[in-house]
Amino acid sequence: MTSLTPTQRYASAGLFSLALNLAQIHQTRPLGFVCDDEGDQRLSNGSDSVADDPDLWLHQSAGLLRPVFRFMGIDQAAWQGLEETAGSATAKNHVGPFLRLLAEDNDTSSAEMMEQETALAKAVEAMASDMESSPSASKSKQDKHRVYENECRKKCSTTKMQASTEDVDGVPIRPMTNDDCKTYQIGEATSGFDRQFDNELVEEVALLSYHKKVAVLYELLSACLADLREEDRKCNRKIKGYDARHRAALRLLTTWFDLKWIQMEAIETIVASSAMALKKEQEAKEEESQTPKSKWDKWKRGGIIGAAAITGGTLMAITGGLAAPAIAAGFGALAPTLGTIIPVIGASGFAAVASAAGTVAGSVAVAASFGAAGAGLTGTKMARRIGGVDEFEFKTIGENHNQGRLAVGISVSGFVFEEDDFIRPWEGIDDNLERYALQWESKNLIAVSTAIQDWLTSRLAMELMRQGAMMTVLSSLLAALAWPATLLAATDFIDSKWTIAVNRSDKAGQLLAEVLVKGLQGNRPVTLIGNSLGARVIFKCLQHLAETGHNAEIVERVVLLGAPISISGENWDAARKVVSGRFVNVYSSNDWTLGLAFRASLLSQGLAGIQPVSVNGIENVDVTELVEGHSSYLWLSQHIVEKLELDTYYPVFIDMAAKP
């Protein structure tokens, strides 16, 4: 089946089991935080056996681990032992022994196995190199974003409206903090690889060749996508495809292997390409005996051609949304025009890769998991008013569409002055996701953003800022009766528009959840990033997923920037549980625009956009020194997201050379 021996497959399955369990623990205790010793806790009911704890991702009912064992060919008698080892209080201590076991079998590899591993490693390196942005492309994006920043600054006149950092008595205002939560400022950095491993474990990782590490990750990803759970009738997984919890575990395992995440992304693309190539070959054989009418009926029944796919064009129907390098290289006859725009792995190299991995079951599962992906989201433009939301449409961003990407990014703006503001804040982000921007309720958002901005630039607002009244209100969280009358008049002016926008954001969040549950993103892990009311859309999406019984199978990572969300009045714990990986709350303690818009009734409960959220597993990042006002998120969202280094498994905030 692969280049791995039975012993290596067993060790690989053991490492993956450990990574899956620790990834769940890191939901509430992220790796790199002060308290990151996972060995002294269990997750739910404290039972001694994994079999008695259905809340564990390791549990059979989760359907995450045993299908991987089945694909890997692990003896069924060993399954329970691997599960119990991974779920033990000393789980982390078993990483080293499994690494040694994986390395011990190296000498027994045959020449054919080594040749396959070499071909795979070369293909991964070639793919990773192609996926990295060139310096010229990065500079072009930076220049384009700088133009956008200048345009925004002119519209917002932030230099005039920047609030004083002192109150009326000349006493510096302190950022609000919570003693029981960890807050980082951009510029701080947590330690990386050395923090996670002692010297002995680093040496054990070094025993593994790069080729072997790649082969293990390739095999495990293939197993995750194959999803062989026909015998697991008790499995409660709600979707098929690439589970976000699997990706979180692979991300941790990649960290253990001391590999760059882009190398894992290259493996994802190659696995998807291999699976789609095998699927195309299968379809070609079946179609030889079919009439044109029967082909059309089969495609329509399978959902490959639906309204969304037709919107995306015939090419989407042919490739299932995955016009990947393998198709361009090995199946040029199906998509002859792709050769000039898709990076190509040499035919001989791909042949070796394809023979080194993947089964028919795996290829069928991957193809099915994508469905109409690629056209699915862009075909989601609302044809009718739903729940009072008049506009809800996905726009493509970047150049990664139809490139075999196995993960999706959705960005949501919430403070906009024109329709371009839904897309332009996110255009320059360098990542390898298939990215989309959600354009929603533009009429209402433009109205409330403009109303706030008009008031902020008024003579009255300028005088209040000069007196420090805004910051006094924000820092002391005064009740409504203690607010200056002029401020209350301002909230009355903005209130009606803001109330409508908040109401629509809550409903848009429910719509976003429904889109993800239906798999219009192709049942691929999703990263959600939003600012202002867009962050609220994302939060409400997470809440709806939790309320409808979903686990962390869909959403991998979340970043909220300047979020108008109450801290004490919302169920943050439930929202955190439906995110398999990192969850970041970015706030600015002097963003009194949020306080003004939300008024004292909600401000008194605390607001995520201006202070930390005291919930285990949420990373709080203070950008007070960077953000001049709420409108700054228009041009700073991209910069902040890049500094968060989301592709790292643990929180890392690198130093910022200068304020943009």
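Visitor: Which residue forms a salt bridge with R504?
Guide: E441 does, with the closest N and O atoms 2.5 Å apart. A salt bridge here is a side-chain nitrogen of Lys or Arg within 4 Å of a carboxyl oxygen of Asp or Glu. This is a predicted model: local features need pLDDT of at least 70, side-chain atom pairs count only at pLDDT 80 or more, and totals for chains, interfaces and linings use all residues. Residues are numbered from 1 along each chain as its sequence is written, and side-chain values use heavy atoms, without hydrogens and water.

Visitor: Where do R504 and E441 lie?
Guide: R504 is in helix 22 (residues 485-518), while E441 is in the loop between strand 4 (434-440) and helix 19 (442-456), so the pair ties together parts 63 residues apart in sequence. Helices (H or I, at least four residues) and strands (E, at least two) are DSSP runs, numbered from the N terminus.

Visitor: Is R504 buried or exposed?
Guide: R504 is buried, at 13% relative accessible area. Buried means under 20%, exposed over 50%, partly exposed in between (1.4 Å probe, protein chains only). E441 is buried too, at 3%.

Visitor: What does E117 pair with?
Guide: K212, with the closest N and O atoms 2.5 Å apart. E117 sits in helix 5 (residues 111-131) and K212 in helix 10 (residues 210-226), 95 residues apart.

Visitor: Why does K212 count as buried?
Guide: Because its relative accessibility is 2%. E117 is buried as well, at 6%.

Visitor: How many salt bridges in the whole structure?
Guide: The search finds 25.
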